[in-house]
Amino acid sequence: MSTALKKSPLAQVKDDFGGKDKLVDKIVGVLDSGDESKDELRKRLLGVSNTKLIRLFAVATKTKQAGGHDKLVTATAEKLNRAKDKDYVAKLDEFSNGRLLDMFQAAEGRSAAAVPSVGRTDGAKPPVAKAPKAAKPPVAAAKPAAKPEKTAKAKKSAAAVKSARAKAKKR
């Protein structure tokens, strides 16, 4: 029985992509650079850690597979049953691709957990038998608890406190 150790990010980059330069080139090809030129983006990405590059590549490829940012927004809104809420969709549009993917995957996980019952064709949930509630015992009329008798020592200390207060008032 051998224990497989998790590879370091550097080892993952070397094994999966052949080096950091090749990974950055793949990311630049997949990622939308916006106003920035491809050379500037490449130079900036070369300074990023390998872990972030791996995550960025995964997010960029999943976003491209989903059809881009806009389609990912609509798919996420539909999965969350909020597609008709225009304000919510507009808020989703402001989110990053990584956050949208996380929300989409979480919504998929929740919908997969809510699998309909097997054998029902009408889509209705089967009736659930509830356990009968136990009868509550009758509540007896509560009498106020009697105060315990003070001990001689407690009486003396109470008297000392009263005399100390009286002396403080006179001052």
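**Before you start.** The model is predicted: local features need pLDDT of at least 70, side-chain atom pairs count only at pLDDT 80 or more, and totals for chains, interfaces and linings use all residues. Residues are numbered from 1 along each chain as its sequence is written, and side-chain values use heavy atoms, with hydrogens and water left out.

**The whole chain.** Show the cartoon: the protein has 8 helices and 0 strands (DSSP runs numbered from the N terminus, helices being H or I of at least four residues and strands E of at least two). Of the 171 residues, 17% are buried, which here stands for under 20% relative accessible area, with exposed over 50% and partly exposed in between (1.4 Å probe, protein chains only).

**Phe17 and Phe57.** Now select these two rings, which make up the 1 aromatic pair of the structure. Their arrangement is edge-to-face, with 5.1 Å centre to centre and 80° between the planes. (Rings of Phe, Tyr and Trp, the last by its six-membered ring, pair if their centres lie within 6.5 Å; planes under 30 degrees apart are stacked, over 60 edge-to-face, and the rest tilted.) Phe17 belongs to α1 (residues 9-17) and Phe57 to α4 (residues 50-66), so the pair ties together parts 40 residues apart in sequence. Both Phe17 and Phe57 are buried.

**α5 beside α7.** Next, colour residues 69-79 (α5) and 97-113 (α7): their axes come within 9 Å and cross at roughly 30°. (Axes are lines fitted to C-alpha atoms, for helices over the stretch in contact, and angles run from 0 to 180 degrees between N-to-C directions.) That makes α5 roughly parallel to α7, a term for angles under 35 degrees. Show side chains to see where they meet: His69, Leu72, Val73, Ala75, Thr76 and Lys79 in α5 touch residues of α7 including Leu100, Leu101 and Phe104 (contact means heavy atoms within 4.5 Å).

**Asn81.** Step into the loop between α5 and α6 (86-94), where you will find Asn81. Its phi is near 60°, a positive value in a residue other than glycine. Most residues other than glycine have a negative phi. Asn81 is exposed, with a relative accessible area of 70%.

**Two charges over rings.** Finally, select Arg82 and Tyr88: Arg82 lies over the face of Tyr88, 3.9 Å from the ring centre. Then pick Arg99, whose charged end sits over the ring of Phe95 at 3.9 Å from its centre. (A charge sits over a ring if NZ of Lys or CZ of Arg is within 6 Å of the ring centre and within 35 degrees of the ring normal.)

Methods: Angles under 35 degrees count as roughly parallel, over 145 as roughly antiparallel, 65 to 115 as roughly perpendicular and the rest as oblique.
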